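Hello,

Here is the structure I promised to pass on to you. Have a look at it first, and then read my notes below.

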Amino acid sequence: MTPALEPLRRIAAYAVCTDVNGRYLLVRASARAGTPGVWSLPGGAVDHGEDPIHTVVRETAAETGLSITVTGLRHVLADMRALPHRGITIHTDRLIYTGTVRGGTLCDRVGQPTDLARWLAPADAELLPLRPFTASAINLPPGPVDLRPEEAPDFPSFYASPGPDGLHRAQRFAAYAVATDPAGRLLLTQISPRYPGGGRWHLPGGGTDYGEQPGNALIRELVEETGQQGRLVDLLGVASHRDAASLGPEGYPIDWHGVRAFYRVEVDHPTPLKVTDIGGSTCDVRWFAPGDLAALTDDDLTEVTAEAIHAAGLR
């Protein structure tokens, strides 16, 4: 049995880079890491307020000596990893991007969390211990190198803690739906007045639970906020927004950083709309026909909503 461990959450971003020979760029965890000797994609934790694209460029340069350009978003997933020797279990929301090397010299590092960087052919990589998310990203079977806790610990999707400047700060990962019905209408929710962005129209969705995959969280939130059953179609993108002094129901300013994955969702059989989370952050829900949607201004929408419906080609 896994002992009781302190739960932690983080958001991380990684790059899948290949060379002209079809080899993958991988890095090895050093003795300082939680899983020494295990290989993974270059990347790492997203700093507070940092765009994940900047994270993956910065971390790849630090770990490999190579400068990359991010060319696309491949996948978003979550996993749990237990580290009993450190007394913690970690839920990580991982953003997997595609990258192209634009320069630099491949190099190793001494005394850092990763110590080797190599271009490896798939056949060679398959012989190495790979982090499960890395194996999946390069189309190899994942090995049992991570210890998973038997069940997800109780941990809030939103947690504010004092930052270095004394202001409380929070970093939250969330999943949202660009949900449409067979008539081409878009489903939007309205934010309750006492929450940040109160009165604006927002995508249905919200923060993921500890141990929960983004797609599963999105379908759950869609039911809770609107009463609709949806079908996940594809991943559209990831938005990163920071409000350095957000004011919400907590009653004090929070330096807020939200990283939000947004997906296309089809509601094949619309039912009567219903807000089931009474007293929460959603006060209304409505279907918007294309003409009604065009009449909304950016001031009527949250940032992530405007970004997501533009990515979906709806306005």
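The UniProt record, an unreviewed entry, places the feature "domain: Nudix hydrolase" at residues 7-142 and 170-310; UniProt positions are given in the numbering used here, feature names are shortened, and annotations may be inferred rather than shown by experiment. Please keep in mind that this is a predicted model, in which local features need pLDDT of at least 70 and side-chain atom pairs count only at pLDDT 80 or more, while totals for chains, interfaces and linings use all residues. Residues are numbered from 1 along each chain as its sequence is written, and side-chain values use heavy atoms, with hydrogens and water left out.

Residues 7-142 are 17% helix and 47% strand, with end C-alpha atoms 24 Å apart. For residues 170-310 the figures are 19% helix and 41% strand, and the end C-alpha atoms are 27 Å apart. Helices (H or I, at least four residues) and strands (E, at least two) are DSSP runs, numbered from the N terminus.

Now the whole chain. The protein chain has 6 helices and 15 strands. Its radius of gyration is 21 Å, close to the 20 Å that the globule rule gives for 315 residues, so the chain is as compact as a globular protein of that length. (The radius is taken over C-alpha atoms, and the rule is 2.2 Å times the number of residues to the power 0.38.) Of the 315 residues, 47% are buried, where buried means under 20% relative accessible area, exposed over 50%, and partly exposed in between (1.4 Å probe, protein chains only).

On to the sheets, where two strands pair if DSSP finds at least two bridges between them. Strand 1 and strand 4 run antiparallel, joined by 3 bridges, and Y14 stands opposite G43 in strand 4.

Another open sheet has 3 strands in the order 3-2-7, with antiparallel pairing. Strand 2 (residues 24-29) is joined to strand 3 by 2 bridges, and V27 has S40 in strand 3 as its bridge partner. Helix 1 (residues 52-64) packs on this sheet, touching strand 2 and strand 7, and its direction makes about 70 degrees with that of strand 2. Contact means heavy atoms within 4.5 Å, and axes are lines fitted to C-alpha atoms, for helices over the stretch in contact, with angles from 0 to 180 degrees between N-to-C directions.

What about the interior? A nonpolar core is a set of buried Ala, Val, Leu, Ile, Met, Phe, Trp, Tyr and Cys residues joined through side-chain atoms within 4.5 Å. The largest has 29 residues, and V76, L95, F173 and V238 have the most contacts inside it. Apart from it lies another core of 18 residues, among them L120, L130, A135 and A137.

Finally, L77 is in strand 5 (residues 66-83) and counts as buried because its relative accessibility is 15%. Leaving out residues up to four places away in sequence, L77 touches T92, D93, R94, I96, F133, Q213 and P214.

Best wishes
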